[in-house]
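Hi everyone, thanks for coming. I'll walk you through one protein today, going from the overall layout down to a single side chain. Have a look at it on the screen.

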Amino acid sequence: MSVIISSRCGIRCEDCHYLKDGVCSGKCCEISKPFWGEQCPVKSCCESRHLQHCGQCPEFPCDLLKQFAYDPKQGDDGLRIQNCLAWREESQKAIIDEAVQLLEQCNEITVSSVTEDGFPRPCVLSKLGADGIEAIYFSTNTSSRKTPQFQANPKAGVCFADGGDSVTLLGTVEIVTDQEKKNAVWRPWLENHFPDGPEGKEFCLLKFIPKEMTFFLKGKFGTMPISISH
């Protein structure tokens, strides 16, 4: 679904009295200089950060935006803030859908643990399953270096890429002890690494839960938090 952005601050063209009065003929985000003055501080701030709208900013909603949104004369009682929030949620959903599609195309992922000396330790592993983008499953040997590293420090990173698109995730890793889940992700080729099967002591199933995503998808680049639904 395409998200239609008509301004940096959240004002919708159809709700703007300047457009209704025939003073403005275009979207605020598509003009270089506002018709009402030399510059709009909200527009300038947003564009200096290379953002489509204020809802994409980590400081949203900032004091500057609130000042305009709740201005006694020109404000809209915070409606533009709600519009930015809706645009952000729509955009994030579309990006997450693209990230899920990319993950489905990738059989291998790069997983980074943190060593005892504090260094990232990336390893290429086979993806065994995923719940959208909210959980990714992979395995290692219980006796491998990764297992005690994740036990000591669950912070981790996961990367996957294909055809110029890429996703980098930050999050945490959990060791899965549920035997039913281990059986569900088991693949015949895993017997080459775990001859005792999914019930063997050496088969360590890991679950990665993302907190943040940096993406380059279909020409779009950005970083956004990942909210896990329950």
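So, the overall layout. The protein has six helices and eight strands. Keep in mind that this is a predicted model. If you start at the N terminus and read along, the order of the elements is α-α-α-α-β-β-β-β-α-β-β-α-β-β.

Now some whole-protein numbers. There are 230 residues, and 40% of them are buried. The exposed surface comes to about 13,300 Å², with carbon and sulfur atoms supplying 51% of that. And if you take the contacts with a separation of 6 or more, 58% are between residues 24 or more positions apart.

Okay, let's go inside. As background, nonpolar side chains in soluble globular proteins tend to be buried together. Here, the largest nonpolar core has 27 residues, and the ones touching the most other members are I136, F138, V158, F160, V167, L169 and M213. Which elements give two or more residues to this core? They are α4, residues 79–105, plus the strands β1 (108–114), β4 (135–141), β5 (155–162), β6 (165–176) and β7 (203–217). The top contributor is β7, with six residues.

Let's zoom in on I136. Leaving out residues up to four places away in sequence, I136 touches L103, I109, K127, G129, A130, V158, F160, L169, L206, K207 and F208. Apart from that core, there's another one, of 13 residues, including C40, C54, F60 and C84.

Next stop, helix α2, which covers residues 41–48 and has V42, K43 and C46 buried. Looking down the axis of α2, you'd see those buried residues within an arc of 100°, so they line one face of the helix. Here's a handy rule for that: an α-helix has 3.6 residues a turn, so residues three or four places apart point the same way. And what do the buried residues of α2 pack against? That would be α3, residues 63–69. After α2 comes H50, which has a positive phi, near 60°.

S7 sits in the segment before α1, which spans 17–20. Is S7 buried or exposed? Its relative accessible area is 1%, so it counts as buried.

Notes. Residues numbered from 1 in each chain as written. Predicted model: local features only at pLDDT ≥ 70, side-chain atom pairs only at ≥ 80, totals over all residues. Heavy atoms only, no water. Core = buried A, V, L, I, M, F, W, Y, C linked by side-chain atoms within 4.5 Å. Buried < 20%, exposed > 50% of the residue type's maximum accessible area, 1.4 Å probe, protein only. Helix = DSSP H or I, 4+ residues; strand = E, 2+ residues; numbered from the N terminus. Contact = heavy atoms within 4.5 Å. Areas by Shrake-Rupley, 256 points an atom, 1.4 Å probe, with all protein chains shown as cover. Arc of directions from axis to C-beta.
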